[in-house]
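Subject: Structure handover

Hi there,

Here is the structure I promised to pass on.

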Amino acid sequence: MTPPLETDVVVAGGGATGVAVLRDLALRGVNAVLVERFDLGTGTSGRWHGLLHSGARYAVRDQESARECIEENTVLRRIAPHTVEDIGGLFVLLPGDDEAYAGKFVEGCQASGIPTEELSAAEARRREPLLAPAVKLAFAVPDGGIDSWALLRSMAADAEARGSRVLVRHPVVGVERAGDRITAVRVHDQVAGEDRLIGCQWVVNAAGAWAGEIGRMAGVPIRMIAGKGVMVVMASRYVRGVVNACRKPADGDIIVPQHEVAILGTTSVQVDSPDDIAVAPADVDRMIDMCAQMVPSLASGRVLRAFAGSRPLYQPESEDGGGSGGLKPSPPVDQGSGGDTREVSRTFTVLDHASRDGLGNMLSIVGGKLTTCRQMAEALVDRLAERMGVTEPCRTATEVLPGADHGPHRLAAPLAGVERDGAYGELICECELVTRGQVRAAIADGLTELEDLRRKLRLGYGPCQAAFCAWRAAGMLAEEGSGGDPLAGLERFLEERWRGQRATIWGDQARQALLNHAIYRGIFDLHGAGRPDEAAAAGLPRTEPVGGG
Amino acid sequence: MRADVVVVGAGPAGLATAVRLAEAGRQVRVIARGNGFTHWGAGAVDALGRLGGERVERPLEAVGRLAEDHPYRLAGEAALRDGLDWFARFAATAGLAHAGDPERNRDQVTALGVLRPTCLLPEPAAQVLGGRVAVVNFEGFRDFSPALCAVGLRGAGVDAVPASAPLPPWDHARYFSAVELARAIDDDDFRRRLAPGLARAAAGADVVVVPAVLGVRGGHEPWADLQRLVGTPLVEAATAPPSIPGLRLFAAYRRRLDALGVGWQFGFPALGVERDGDRVTAVRSEGASRVVVTHCQELVLATGGVAGHGIEANRDGTLTEVVAGLPVEGFPDRTAFLGDRFLGEHPLGAAGVRVDAELRPVAASGDPVHANVRCVGGLLAGHDPTVEGSREGVALATATRTAELLAPTPTPAT
Amino acid sequence: MLHVEQTADRCIKCNVCNTVCPVSAVTDLFPGPKYEGPQGQRFRAGIDTGDSPDHSLDYCSGCGLCTQACPEGVMVAEINQVARERLVTARGGLGLRDKLISRPSLMGRLARPVAPLANLMMAARPVRVAVEKAIGVHRAAAMPRFSGTTFRSWARRHRQRGDATRTVAYFHGCAVQEFEPEMGAAVVRVLERNRVRVTFPRQACCGLPLVSNGDFEAGRAAAVRLVGRLRAAADDPGVIVANSTSCGMTLKAKYRELLGMDDAATQAVSKAVYDICEYLLELADEDALDRSFAPLRAKAVYHPPCQLMAHGVGTPALDLLAMVPGLEVERSRAGCCGTAGTYGTKVEKYQIAMDVGAGLFEQVTEARPDFVVCDSETCRWHIAKATGLPVYHPVQVLDRAYQV
């Protein structure tokens, strides 16, 4: 077994919150190691619509959330502009919508400090030409789009540059306790295939929707409700900025453009486990039909895929919220499986297990949303620093992240880059304009799986669903001798991409799927079964949970 | 517009049908929305590669084991034999000689190094691998990885070694794909400058595997010439679309169609038909500002299944045949379209129009829907051309049968 | 986002379009229709303000072979044209050269009083070199000859002989009006021979060169004007024939597809437009075509222009020419002759146009025909210059066969 690591703080969970905590600790000079079961951003942080909240969605019912959002919206634009699409958002009023709600909406935004501007129907349509003719008026708000993987990578890179460590593919399998303190966290190194001990003084549970599992391993009860939301990805962008329905939050009331696609969202159903990410065709149809009320051409548009993620909703044990720090949530509503989870508060809670459970050196952070991840981390690390006797103040709101000098992400940036460099002949993934050089650099950085290339470079993300780039990239992995059977890796990647697609394939996408099948099975005669799979033999797990994405 | 026979579709089935009908003496017009599987295939003639997942060694013999609604059973084994035979002669006349024997399948090298089963192979792909095999890419060509191909070949027991050959200076250095490279290799001067680097990369090998880019306009002559210059047998490996061997074949079909005086309306889909009783009297196709009506005596639909855009897979699980609204069995919902493994089988790939022994689409009762409509190729139910490796064979067999059925009855000499 | 832009959704990346693009075949400055069209569209999507990112887009010639070859219905060339308009707008509009060459009727009117002198000058090398240096029209690019008289002045004096059973309106376009009135006369004679009365509604430039160069605003103004003038003819006589396949195509489809003109008047005019050969073949289908052609013992190569193929009617000229006894016609194997309207006249695109046309020119050389036949005027001038052979519109051949 590898010699045990020693550190001050172990952060469990490589989502937005965990990585933000790691960075905050690093900026305060605290040694920390982050452990994550799959790869950064494979939990809820990688399974959402990418909305950089202005907070307007909470303006009517939850002004504390709203205020948090607009504050953090501004902070993220300052520290991580390169992960943000500066596109604005609209709340549109359709016939049949409650006009009184619109009034409350404007008041609520004002009260929360969210700037709004009323637009006439004509002005709204000038801004969004595909808006339904029936839209009566709209309110413009400072919504934006945010690329969570880019944000996580930036924050992690910043933390690592300051001495922190990030261990992906190291799920927590247990803790070692001595009395009322955790002395070490036991993780399983998936690649090496063996357990590892990480000795520590403090533990931060930032496992989001899975916080309950970490709690269980530590011997403390944390009741998490998995609030599943389904999202549908359209093959093209349709809208300039975010488009929301101006009504009480319901299914299918938001369209978030993200790079070249549009993400339609979402549902809200309690499920038994955050690993339940299956998508039913009825969910897909519902998203399209609802969002098409705002943008009619969605109804005849091409769907790329659908996915689901679980909101990390915390249900406190008792009325007082069960802990200090953060903000008090509204009363819990556990409706059992199938219940609407919209009523459960989206603000966050810091749980200090010393006072709550008699476990002296662990804190958990639960709830929240990606837009407020930095603020959540600040609240938690303030608490932890106080306990540790660290006096460095939080600087995460003012220190910009690596890459910030690139400015906000522009849709055309990848195309402009290829044009500037005349790099047409270098394209490996043509849908997403990923070049040979980018793939080589990623492989040189240690990426060995096509799935990693997809997350890092958006390779295979586009409409053709990796018809050509998958085997080109597999070829490049083979050239670089990146270990493992490249054909098995290719088959694995194709099957990963396939999961969850059956709910969304018809029309154009059906033709694409059959062409892809004709290429990989018809021309290349790949069958995907019975091939010696070295990676499986090595115990390397799937890189993501089953079900979609 | 008036035609005798309208063929809708310009993929492998449409092209073969149009040529055979014209050769049989009918006056033919082709209406097609665009190119199809000539451009997307492996560049070979698949008769029957797999049955029940198992590799087939003797395709003609295996026909007897197919279900009775399989296109080969409906068209008849003789039509398959004749179709393959005709194709071999047609291709050879066009400078695209094929090797192979319908009695026995052979291996085709692919860019992933997997050896796929097929029946007829164009000469540039026909050399059998043996001894030491050099797998050589042309530097900068993105659609072929010698390392990946060599892994696959070694897995099949071939002694394969990857290498790379430089391209001589040329006018497409900044951007090229298979098409531009193939056109450059059409030029004999370019080949003379290319050969030494290729020969060096192949040094010591008994056979050289290269991607299928050896010329697109000169038939097989660029390949033959390059092989002479290099001094070692060259084998073209099948790559992803666009299929350069498919482009060669398409060009040969176009020339033959022009020579036979076949009308060609390309780039516009057929939208519907006009009927009189149980006969189709005209095809309606999209024009720039009006529907174009082409009157016809006979209609042949070669529009491909779902993949070929001849059948639309609807959101609710139903299927629609797009030209004449022919009956097509749909699915209870769209999750039934596709299997749970991408590389497995997909029911949608086998979906199609049911026909009788005369290739006429039938209703649920089994009676033909129209007296003068035939269906050929991928549009037919009862087979999945990708899974069983039969696309070109079905195209040729059904084209042959259609030409037999529609050949003009001989008129008495006057 | 126009409907044509939304067709980008249908792309399955199959590469078929890339196999037919004549421009990417001859230069690596143009990465091909798949990159430029549906792929690039996802990154433009009309939403970013500021400079359009495209440079390579400028090399698309607009021949439209990609749209025709695409099996999924992606309107690749049209997507490129819309993107070009944004590019031009981002760059502040058309430059001087493109403004000039987009206005053929203006150029024709200016030169008409001094047509013989203008023609002499445009044939003089030092003048062409100076023009090239001044505004960027290539010194060797084919130029039409200015006519001293207009087609309409001929039409005003023309009296129809014989009776008529049908009537059509004739959209002659700028080329016939300013450069080739004799071509228009042939159209009229052939129609009248077939007992069709020809009317000459007031008209104007269809605006195609403006649209294809990227000035949609001026193009739309021209379109609205022309639709207004042809509107009545769309109802009565209900058929408008055009001999220029690209101008006919513009009326049939481009106003709707590129300029978003979906009003009733534009629709009515579009639906009434026929290419002259399309119309004559329909007469033949109804047994109403006079087939008493005298033999023309000659060999011709027929090149169907890319813009003709876009009409969706196949190649009616081939069927018509087949009716002329003794005439041997070989069909061109080229999809595009290279000039693509004004594209091939530009100094930075001329060589591309010549390289695109090389295959056709070679085929012509090998075939040794007496003349070449082609429906589109800019193609005719380009092919004539490159091959040294006379190049006629199919109707001119029919006219000759009727006259003899």
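**Helix α9 of chain A**

Buried residues in α9(A) are Cys373(A), Arg374(A), Gln375(A), Met376(A), Ala377(A), Glu378(A), Ala379(A), Leu380(A), Val381(A) and Leu384(A); buried means that 20 or more other C-beta atoms, placed from the backbone, lie within 10 Å of the residue's own. Please keep in mind that this is a predicted model, where local features need pLDDT of at least 70, side-chain atom pairs count only at pLDDT 80 or more, and totals for chains, interfaces and linings use all residues. Residues are numbered from 1 along each chain as its sequence is written, while chains are lettered from A and ligands numbered from 1 in the order in which they are written.

Helices here are DSSP runs of H or I with at least four residues, strands are E runs of at least two, and both are numbered from the N terminus. The cover over the buried part of α9(A) includes α1, α2, β14, β21 and β22 of chain A. α9(A) runs over residues 373-388 and spans 22 Å from first C-alpha to last, close to the 22 Å expected (1.5 Å times one less than its number of residues). Just after the helix, Gly389(A) has a positive phi of about 80 degrees.

**Chain contacts**

Contact means C-beta atoms, placed from the backbone, within 7 Å. Chains A and C meet through 28 residues of chain A and 24 of chain C. On chain A, α10 (413-421) and α15 (507-523) each give two or more residues to that side.

Best wishes

Key: Contact = placed C-beta atoms within 7 Å. Buried ≥ 20, exposed ≤ 12 C-beta atoms within 10 Å, placed from the backbone.
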